[in-house]
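This report describes the architecture of one protein chain. The sequence and the model are shown first.

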Amino acid sequence: MEIAFDKLIRLQNVDSDLNAALSLLDAVPAKLEAIDHQIKATAEIVAHAKDELAANQKKRRDLEGEVKDIKAHVAKFKRQLNDVKTNKEYAALQKEIADTELKADKIEEEIINEMISADDIEREIKAANGRQTEEKGRIEKDREAILREQQEFETRKAALLKEREEILPDIPPDQLKLYERIGKRLKGVALSPVTDDFCSICQMRVRPQVLNDLLGRNALITCEACGRLLYVQKPPENEHGPVEIVDNPDKVDDSPAE
Ligand SMILES: [Zn+2]
């Protein structure tokens, strides 16, 4: 029995891609939520302006009612002028009429101001509606893109899981078990290629003896620092020696995950 390095490397590639696809899928709900939030925020701006306009209209109606009442009073006072007996009473009533008319003028001025405000609010609503329509198009496109991506990730995930199932039977159980155990501890990365005598993941130098054993491709050896299974990228042409699994259980179980 030799070490199924090629299969293990293929499995590691599949698992890395699979983990990447899974984390992309995990991020989808938050992205969709952010889109919903954008839609809500834009709608809120329009709703707020509409509330403002409704309040303005109500205030105008109230003020108009007030003016109507005041004018009725003025009319009543004016009728009373005919019945007044003394000059003093006449002057007093005329002053009352003038004061009341002044009050009505002030309210009418207020009504005009409210009408000007209403024009501003209506312009605001129109602008907000325009922005909403514009943003809605953009936001919907973003949402479609996210959903399309989600579909792609799902397809990729399914293909990778299938590929994984195809590789598994070709790996001897004890080797697979070790791979799974290390991967589980080290965020799904159980294998590390040796590059220029160094573990390419943790950058620990690999001892010459270990390197020599790895070149033979007939031993599973873990990195003394990170605990991952080391391998050399290009197999040499020499013959395979006896299989030897050299695990560093202490390192595998106790070294901190990266
Ligand atoms: Zn390492």
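## Basis of the model

The model is predicted; local features require pLDDT of at least 70 and side-chain atom pairs count only at pLDDT 80 or more, whereas totals for chains, interfaces and linings use all residues. Residues are numbered from 1 along each chain as its sequence is written.

## Overall fold

The protein chain contains five helices and five strands; helices (H or I, at least four residues) and strands (E, at least two) are DSSP runs, numbered from the N terminus. Their order along the sequence is α-α-α-β-β-α-β-β-β-α.

Of the 258 residues in the protein chain, 13% are buried. A residue is termed buried if 20 or more other C-beta atoms lie within 10 Å of its own, exposed if 12 or fewer, and partly exposed in between, with C-beta atoms placed from the backbone. Among contacts in the protein chain with a separation of 6 or more, 75% are between residues 24 or more positions apart; a contact requires C-beta atoms, placed from the backbone, within 7 Å.

## Nonpolar core

The largest nonpolar core comprises 22 residues, and L229, L230 and Y231 have the most contacts inside it. At least two residues of this core come from each of α1 (5-81), α3, β1 (191-195), α4 (208-216), β3 (219-222) and β4 (229-232). Such a core is a set of buried Ala, Val, Leu, Ile, Met, Phe, Trp, Tyr and Cys residues joined through C-beta atoms within 7 Å.

Apart from its neighbours within four places in sequence, L230 contacts S192, V194, C199, V206, L214, I221, T222 and C223.

## Helix α3

Helix α3 (residues 173-185) has 13 residues, which at 1.5 Å a residue should span 18 Å; its end C-alpha atoms are 18 Å apart, in agreement. The expected span is 1.5 Å times one less than the number of residues.

Q175, Y179, I182 and G183 are buried in α3. These residues lie on the same side of α3 because they cover an arc of only 100° around the axis, the arc being that of the directions from the helix axis to the C-beta atoms. On the other side of α3, P173, D174, K177 and K184 are exposed. K187, with a positive phi near 50°, follows α3.

## Loop residues with positive phi

Q203 lies in the loop between β2 (198-199) and α4. Although not a glycine, Q203 has a positive phi of about 70°. Q203 is exposed, with 11 other C-beta atoms within 10 Å.

R217 occupies the loop between α4 and β3. The phi of R217, also not a glycine, is positive and near 60°. R217 counts as partly exposed, with 18 C-beta neighbours inside 10 Å.

Terms used:
Contact = placed C-beta atoms within 7 Å.
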